[in-house]
Amino acid sequence: MTSSPCFQPARAAGRQRYRPADHSGVVFDGGFWQSWTETVRNVTIPTQHKRLEEEGFLEVLDFDKPPGPLVRPIQPSGLSMQHFFDSDFGKWIEAASYTLKAHPDAALEAKIDAIVEKLEKGQMADGYLNSWFIRREPDRRWTNLRDLHEMYSMGHLLEGAVAYYEATGKRRFLDVMIRAVDHIIATFGAEPGKLRGYDAHEEIELALVKLYRVTRDPRHLKLATYFVDERGRMPSYYDEEARKRGESPDDYVYKTYAYSQAHMPVRDQHQVVGHAVRAMYLFSAMADLAHENDDPTLKEACDRLFDNLVGRQLYVTGGLGPSASNEGFTREFDLPNETAYAETCAAVALGFWSHRMAQVDLDSKFTDRLETVLYNGALSGISRDGEHYFYENVLESHGQHRRWKWHYCPCCPTNIARFITSLGQYFYSTDDHQLAVHLYGTNSAELTVGNSFVRLIQETLYPWDGDIGLRFALERPSRFQLRLRIPGWCRQAQISVNGVAVDLDQCVTKGYAAISREWRNGDEVRIGFSMPVERIYAHPAVSEDGGRVALRRGPVVYCIEETDLGGEPQRLRLPASEEISARYDAALLGGATVLEGTALEADIADWQNALYRTAPASLKERPFTAIPYHLWANREPGAMAIWLQEV
């Protein structure tokens with residue numbers, strides 16, 4: 001071995017085909033993610049099923065009974081949340097299946113089988129499967145793709161079916177959904193006699209790619225490709241179907257098809273617009289198809305859109321979509337804090353997209369966003385007890401925001417559940433000659449690199465500490481390239497192999513250090529990421545954050561809560577020269593690193609009844625403690641702020 005192992009080409013240049021790790025082969029047996037994954041498995045999955053029963057979601061599958069009163073009434077748009085109840089238990093099945101693969105549970109499996117039995121019983125003879133239309137409006141199926149979420153719901157059922165098949169080997173649910181897909185193939189497409197439509201709420205596209213990876217049936221990949229390629233073709237299919245319904249396209253409640261990213265062909269889009277979750281699902285499918293079809297035009301479009309999102313429209317937490325009116329985007333640099341929508345589903349879906357992009361192009365700019373979402377904008381969507389949630393993830397509150405057990409539109413709880421239960425796949429990827437480490441946290445992983453079985457043991461206190469140890473357990477020596485992500489937030493990194501330093505100046509490409517060698521049993525890699533407290537400033541065009549500063553340490557964004565401060569953090573002023581220290585607090589919600597310092601607080605005692613005056617408020621020193629943003633709203637209710645005035 002040389003004194004400074006570094007990059008050596010592992011194979012001839014060509015298309016990368018990274019494969020995510022099998023999530024069930026990555027065991028979080030300590031550290032940060034152990035308690036979170038155990039809580040979701042033991043608390044979140046059971047209580048979500050209970051909520052689905054209590055709220056009447058599963059009753060929609062009683063196909064042999066006349067439909068009862070609506071659980072969710074029709075909105076002015078003509079849509080009821082009940083139109084897509086199928087999607088909620090589809091996501092729950094997916095999340096539950098991920099836990100089953102690693103932790104078999106006969107009782108949980110029986111709950112899924114009971115849902116599958118009803119779905120199979122209710123499926124129409126031609127394969128159509130949507131509980132709303134089968135029970136309530138069978139004559140209206142496929143008449144309003146713009147508004148009614150038919151394929152969106154089928155897509156989530158399809159993802160659940162794939163996950164359940166992969167977890168148990170049972171084909172019943174998978175076969176039900178393949179029949180549903182056969183029906184869609186027979187109904188939609190560019191061929192004569194078919195409808196040239198596509199669902200306004202993207203989801204089916206990425207689900208079809210998942211199905212294709214199981215069946216290898218080219219029809220499934222072709223259908224996904226058709227839906228992406230057809231999107232935005234003019235004249236719009238939505239105009240055509242509206243006229244067929246006897247409606248004017250001008251009466252569309254959202255007025256623009258940019259709401260569903262259908263305003264122009266996807267390859268021509270340069271700015272992320274519209275409904276945030278829809279956009280992230282679409283872009284996830286585009287990344288998948290760029291990978292499967294070796295399509296550089298889709299990759300180029302994804303790159304443009306990703307850079308637009310990250311450079312102009314993303315919250316510091318990884319949250320996205322500032323507006324409640326369209327559950328999405330408004331204009332570039334519009335990032336209000338207290339009214340931030342930043343839906344949990346959107347952050348989760350950005351994690352999906354970022355991860356998929358890294359399989360096509362191993363670049364830390366993608367996995368940096370995945371990590372930001374994971375530790376901040378998505379994780380804030382679930383409480384520490386595993387059974388309370390946020391739909392919106394604001395960056396500032398005066399105490400009006402509370403977590404809830406269930407939501408009127410409960411898409412987020414099952415989304416964050418499937419994200420965490422499949423977490424292992426996001427940590428590692430492999431191809432025939434490489435093993436990429438994207439994320440850091442204590443775990444033991446069983447991986448395959450080419451024909452070699454690799455067991456990798458990762459030990460660390462990350463994200464509270466930047467020291468990481470990797471140890472290989474190999475049956476026999478194996479030559480491959482290890483790719484280690486250097487986080488974008490890290491200003492100084494060190495890596496060594498068996499005590500020998502790696503020359504990172506020669507080894508890092510697109511944020512990943514590459515080490516090629518013959519690895520042997522017991523080889524150890526030590527990684528050190530400097531993790532000082534950092535002040536973050538927003539682009540000057542983000543007017544909401546002008547003169548303000550946020551605090552970050554490693555991948556974790558911090559906030560100040562009233563419960564720690566004893567007053568509203570909005571009155572604090574943080575001196576630019578103030579030193580801020582980090583301390584691990586084992587008593588805080590299972591243990592977390594907190595930040596401590598002294599700020600200045602505006603003194604309101606001498607203002608009496610005046611609303612305005614000619615003299616500014618006097619300032620007094622006030623010690624403060626900042627906690628990880630993902631932990632806010634887990635204790636006493638009160639005010640919270642991420643961005644503080646700086647003086």
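Student: How many aromatic pairs does the structure hold?

Tutor: Bear in mind that this is a predicted model: local features need pLDDT of at least 70, side-chain atom pairs count only at pLDDT 80 or more, and totals for chains, interfaces and linings use all residues. Residues are numbered from 1 along each chain as its sequence is written, and side-chain values use heavy atoms, leaving out hydrogens and water. Rings of Phe, Tyr and Trp (its six-membered ring) pair if their centres lie within 6.5 Å; planes under 30 degrees apart count as stacked, over 60 as edge-to-face and the rest as tilted. On that basis, the number of aromatic pairs in the structure is 34.

Student: Are the rings of Phe-57 and Trp-406 stacked or edge-to-face?

Tutor: Their centres are 6.0 Å apart. The planes sit at 85°, so the pair is edge-to-face.

Student: How many residues apart in sequence are the parts that this pair ties together?

Tutor: Helices (H or I, at least four residues) and strands (E, at least two) are DSSP runs, numbered from the N terminus. Phe-57 lies in the loop between α1 (31–54) and α2, while Trp-406 is in the loop between β3 (396–398) and α14 (411–421), so the sequence separation of the parts tied together is 349 residues.

Student: And are Phe-57 and Trp-406 buried or exposed?

Tutor: Buried means under 20% relative accessible area and exposed over 50%, with partly exposed in between (1.4 Å probe, protein chains only). Phe-57 and Trp-406 both come out as buried.

Student: What is the relative accessibility of Tyr-426?

Tutor: Tyr-426 pairs edge-to-face with Phe-419, 5.2 Å centre to centre and 80° between the planes. Phe-419 is buried at 1% relative accessibility. Tyr-426 counts as buried too, with a relative accessibility of 4%.

Student: Which residue of β16 is the bridge partner of Arg-535?

Tutor: Two strands pair if DSSP finds at least two bridges between them. β15 (residues 533–536) and β16 run antiparallel, joined by four bridges. The partner of Arg-535 is Leu-551.

Student: Which residue in β23 stands opposite Arg-548?

Tutor: β23 (residues 644–646) runs antiparallel to β16, with two bridges joining them. Opposite Arg-548 stands Gln-645.

Student: Which residue in the turn between β16 and β17 has a positive phi?

Tutor: β16 and β17 pair in the antiparallel sense over two bridges, and Arg-553 stands opposite Val-556 in β17. These strands form a hairpin with two residues between them. The turn residue with a positive phi, about 60°, is Gly-554.

Student: Which strand gives the largest share of the lining of the second largest cavity?

Tutor: On a 1 Å grid over the protein atoms alone, a cavity is a set of points where a 1.4 Å probe fits but cannot get out, and lining residues have an atom within 4 Å of a point. The lining of the second largest cavity includes Ala-550, Leu-551, Tyr-558, Cys-559 and Ile-560. β16 (548–553) and β17 (556–561) each supply at least two lining residues. The largest share, three residues, comes from β17.

Conventions. On a 1 Å grid over the protein atoms alone, a cavity is a set of points where a 1.4 Å probe fits but cannot get out, and a pocket is an open set with protein on both sides within 12 Å along at least five of seven lines; lining residues have an atom within 4 Å of a point.
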